[in-house]
Amino acid sequence: MADQTLNAEGLNCPLPILRAKKTLKGMSSGQVLEITATDPGSVADMAAFCNQTGNELLSSSSEGDVYTYEIRKA
Amino acid sequence: MLDDSQLENAKSMSIIVTKGTLDWAYPPFILGTTAAAMDVEVTMFFTFYGLVLLKKDLDLGFSTLGNAAMEMPMMGGHMKMPNMVSMLPGAGALAGTMMKNLMAKKGVASIEDLREAAVDLEIRMIACQMTLDLFEYSKEDMIDGIELGGAATYMENALKSDINLFI
């Protein structure tokens, strides 16, 4: 179960990443953020963001037009 | 807060921003804010026509003149903008409004939003002092939190940056 959720649906690059960063900033280490987005580019970008920042991408999935990510804050 | 070892390992990027039209404002702000979100230390140096991007009141447009690659989606197809269109009074403002409407519809951030994100993400933004003098602007015309500097200020920063871009 996520500690916090972020709805980034309808937002285009780079807003899902910027919103994710902003939300993570207010969370504690180890907490999980669940993000939903509709930007197909966010699949590659969310993985790259997590690789670079050390936050752990726990899951990346899609259902219909909606992509869901779970990120554990480093 | 980063500790000393993290600071030493922190990546950095500088961008020289030389263009202030609506279309050209996007690449530096998108890359700058995204890099900062990825823990990269970012410095943006605004010079010549890029300087207007720091003004308190943004009024960005762009020209369809000589913009041969520009195709706007229209009624299911794409329409090129003939050079003649740019001669019509108000064409630049109209093209700017059309582009802004299209961007809002597609969930693309406004330049105002991206610039606000740049401030939030503590991007170092430097206005070129010479350009300020040349085009008769003062620091009061610009948003808060910016620095003034010149070529040497930029160079000092660029020499220790991992990535240096000129846009």
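A residue counts as partly exposed when the number of other C-beta atoms within 10 Å of its own falls between the limits for buried, 20 or more, and exposed, 12 or fewer. The views below come from a predicted model.

**Figure 1. Met38(B) sits in a loop of chain B and is in contact with chain A.** The loop lies between α2 (22–37) and β2 (41–46) of chain B. Met38(B) has 18 other C-beta atoms within 10 Å, so it is partly exposed. Which residues does Met38(B) contact, leaving aside its neighbours within four places in sequence? They are Phe49(A), Gln52(A) and Thr53(A). Within chain B, the C-alpha atoms of Met38(B) and Lys11(B) are separated by 9.5 Å. These two residues are 27 residues apart along the chain.

**Figure 2. Val40(B) is placed in the loop between α2 and β2 of chain B.** Is Val40(B) buried or exposed? Val40(B) has 21 other C-beta atoms within 10 Å, so it is buried. Not counting residues up to four places away in sequence, Val40(B) touches Lys11(B), Ser12(B), Met13(B) and Ala35(B). A separation of 14 Å lies between the C-alpha atoms of Val40(B) and Ala117(B). Along the chain, Val40(B) and Ala117(B) are 77 residues apart.

**Figure 3. Chains A and B meet in a contact that takes 11 residues from each of them.** On the side of chain A that touches chain B, α1 (15–25) and α2 (42–53) each supply at least two residues. The largest share, four residues, comes from α1(A). By class, this side of chain A has six nonpolar, four polar and one charged residues. The model scores ipTM 0.87 and pTM 0.88. For chain B, the mean pLDDT is 89, and 95% of the residues reach 70 or more.

**Figure 4. Helix α2(A) has 12 residues.** From its first C-alpha to its last, α2(A) reaches 16 Å. That is close to the 16 Å expected at 1.5 Å a residue. Which residues of α2(A) are buried? They are Ser42(A), Met46(A), Phe49(A) and Cys50(A). Seen down the axis of α2(A), the buried residues fall within an arc of 95 degrees, so they line one face of the helix. An α-helix has 3.6 residues a turn, so residues three or four places apart point the same way. Ala44(A) and Asn51(A) are exposed on the other side of α2(A). What covers the buried residues of α2(A)? The cover includes α1, β2 (32–37), β3 (56–63) and β4 (66–72) of chain A. Just after α2(A) comes Gly54(A), with a positive phi of about 85 degrees.

**Figure 5. Chain A has two helices and four strands.** In what order do the elements of chain A run from the N terminus on? The order is β-α-β-α-β-β. The radius of gyration of chain A is 11 Å, close to the 11 Å that the globule rule gives for 74 residues, so chain A is as compact as a globular protein of that length. Taken along the principal axes, the C-alpha atoms of chain A fill a box of roughly 30 × 25 × 15 Å. Of the 74 residues of chain A, 31% count as buried. Among the contacts in chain A with a separation of 6 or more, 58% are between residues 24 or more positions apart.

Notes: Residues numbered from 1 in each chain as written. Chains lettered and ligands numbered in written order. Predicted model: local features only at pLDDT ≥ 70, side-chain atom pairs only at ≥ 80, totals over all residues. Contact = placed C-beta atoms within 7 Å. Nonpolar A, V, L, I, M, F, W, Y, C, P; charged D, E, K, R; others polar. Rg over C-alpha atoms; globule rule 2.2 N^0.38 Å. pLDDT = per-residue confidence, 0-100. Expected span 1.5 Å × (residues − 1). Arc of directions from axis to C-beta.
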